[in-house]
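The sequence and structure are shown first.

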Amino acid sequence: MKRIRILMAKGGLDGHSRGIKVVARALRDAGFEVIYTGLHQSPGMIVKAAIQEDVDLIGISILSGAHMAIFPKVLELLQLEGGGHIPVFGGGIIPSADQKRLEKMGVKRIFGPGTRTTEIVDWVKKNLGDV
Amino acid sequence: MTSDELLDRFFNGDMVALAKVISLVENRSPDHERVLARLFRECRNAYRVGITGPPGAGKSTVVDKIAMHLAEDGTEMGIVAVDPTSPFTGGAVLGDRIRMKDLYKYDNIFIRSMATRGSLGGLASATKDVLVALDAYGKELILVETVGVGQVELDVVDACDTVVVMLTPEAGDSVQAMKAGLLEIADVFVVNKADRDGAEIFAIELQSILEIKENNMPKSSKPHWKTPIVLTVAPEDRGISDLWNTIEKHRDFIIREGIFETHRKLQIKHKIEQIIENKIRLLAQRKFLTGIDIDHIASGVYEGQIDPYSAVNKYCRLKEFENIFEGDQL
Ligand SMILES: Nc1nc2c(ncn2[C@@H]2O[C@H](COP(=O)(O)OP(=O)(O)OP(=O)(O)O)[C@@H](O)[C@H]2O)c(=O)[nH]1
Ligand SMILES: [Mg+2]
C-alpha cells in the first residue's frame, strides 16, 4: 500500500527547530510518513534527500532570511535532478512581497509564523489528493 | 512509466529510478513480484552489515562515520534506516538522516529511511527486498540501522551478514544485554559514548559475560568467532576505523568458514517459504472467505449460537479444500 511521504527540512543557518518539529509530528499524527532531516540543510542536501526518499512533498522552514536564496535553488535543482514533479511548500518569517514572488516561481504555498498546524495538515491533505 | 521502463533506467544507474523501485517494492505495488524477480536475478551478494541497539545508542552516528570512512575509496554503499510507524495513526517521523548530513555530497552513497509499517522485528517487512534492490543496483556494501526499541530485534540476523550490537555505558545496560538476548545475535559489540564515565568498566563487564558464554560453549574442532568489543566515540570519529577493521575481519571469517554461504542460502530459503505462505494464504482467502461475512459469524459466536471451530467448518467450505488432497499420501 502506498503511503504519502513528506520531507521536512530546516533551511538556513538559524537554529530554531521547534516549529518544524511540531509540524512534523502533526503530519505524522495525520498518518503521513515524515522524513525529518534536521537543521542547516542546503538546497543540495534537501534535493538529494527528497529524491532518494521518493517523497511526494517537500516542506522547508526558514527563519533566517535566506528564503530568496534557498527556495529558488531547491526548485532549480529539483528540475535538474529529476524531481521536478515534487511540490514544495514553506514556512517561516517571509515578507508578503517575497511570499508572492516565491509562489510565482513555483513554491506551492508559504505559511507564516503562528499558522495553526491543523491548517497545514488540511492543506497537505487537500493538495496531495491531486498528486 | 511502465515498470519495464523503470527497470531500464534503474539498470542504467539512474538514482531517481532506484528510489522509485524501492517505493514500488516497499508499497507492494501490483507489479512488485515481477520487478523483484528481475532484481533477484541481478544480485551480486552485496555485503550487509546490521547495526542494532537501544534508542539513542548512537546507531545513526556510527553508520554515518563508517560510511564517511569508506566514501572516498568510491565504495558503492546503500544505507537503510528503519524507524517505527505509530500504531495509532500509521504515520511516522523518520529522523535518522539528521546524523548523516555530510554524506549527501557522495554520489556513491544512497540513503533510504523506512517506516516499520506494523512490523515488529526491528525492520520493516519489505526491508529485505529493499536490500535486494540496492544490491541489484550495484551497491557493494549495505548498512542497515534497525528501529532500536530495546528488545531483541531478530529480523536483522536474518537480513544481515554481520550484526553490530551497540550499547552505551549507562547503568544496567550490560545486564540488560544479557536479558534481551543481544549476546546471542552480536557478531561485534560496540560500546559507544566511551567518552562517558564508566565505559571502561562496562566493557570489562561485558567482556567477562562474553567469556562465561564462551566457556559454556560445546567444544568443537571448528574455528569459531569470538565476539569482539570495540569502544567508540562516534561523533568524534574515535574507534570507527577499529570498528570497520573488526567488521572486515568478521566478514573474512564467515566467508572463509563457509558461514556466509550457508547463511545466505538460509535467507533464500526463508524468502521462498514466505512466498509460498503468502500465495497459499491469498489463495485460501479467495477460496474460503469470499462472500463470507466474518463479522456476522463473530456476532453469532458472541451470542452463543455457535462456537468458532464449528462456524469455520460450516461457513468456510473447508471440505472442498480437503477433498483436493483426499487419497494423496501427504
Ligand atoms: N557523548 C556522546 N554522545 C553521542 C555519541 N554517539 C552519539 N551521541 C549522541 O547521542 C544522540 C543519539 O545519537 P543517534 O546516532 O541519533 O542514535 P541512534 O541510536 O541512531 O538513535 P535512534 O535512531 O533514535 O534509536 C545524539 O545526540 C548523538 O550526538 C558518543 O559517542 N558520545
Ligand atoms: Mg538512528
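A salt bridge is counted where a side-chain nitrogen of Lys or Arg lies within 4 Å of a carboxyl oxygen of Asp or Glu. By this rule, 32 salt bridges are found over all chains. One of them pairs Glu53(A) with Arg112(B), with 4.0 Å between the closest N and O atoms. Helices (H or I, at least four residues) and strands (E, at least two) are DSSP runs, numbered from the N terminus. Glu53(A) belongs to the loop between α2 and β3 (57-62) of chain A and Arg112(B) to strand β4 of chain B, so the pair joins two chains.

The model is predicted: local features need pLDDT of at least 70 and side-chain atom pairs count only at pLDDT 80 or more, whereas totals for chains, interfaces and linings use all residues. Residues are numbered from 1 along each chain as its sequence is written, chains are lettered from A and ligands numbered from 1 in the order in which they are written, and side-chain values use heavy atoms, with hydrogens and water left out.

**Interface of chain A and chain B**

| Property | Value |
|---|---|
| Residues in contact (heavy atoms within 4.5 Å) | 30 residues from chain A, 29 residues from chain B |
| Salt bridges between chain A and chain B | six salt bridges |
| Polar contacts across the interface | 22 residue pairs, both at pLDDT 80 or more |

A polar contact is a pair of N or O atoms within 3.5 Å; within protein, one must be able to donate a hydrogen and the other to accept it, and residues adjacent in sequence count only if both atoms are side-chain atoms. On the side of chain A that touches chain B, α1 (18-29), β2 (33-41) and α2 (43-52) each supply at least two residues. The largest share, eight residues, is from β2(A).

Buried area is the accessible area (1.4 Å probe) that two parts lose on being put together, summed over both. Between chain A and chain B it is about 2,500 Å², with 51% given by carbon and sulfur atoms. Lys48(A), Gln52(A) and Asp54(A) lose the most area in chain A, together 25% of what that side buries.

Strands pair if DSSP finds at least two bridges between them. β2(A) and strand β3 (residues 92-94) of chain B run parallel and are joined by three bridges. Glu33(A) is opposite Ala92(B) there.
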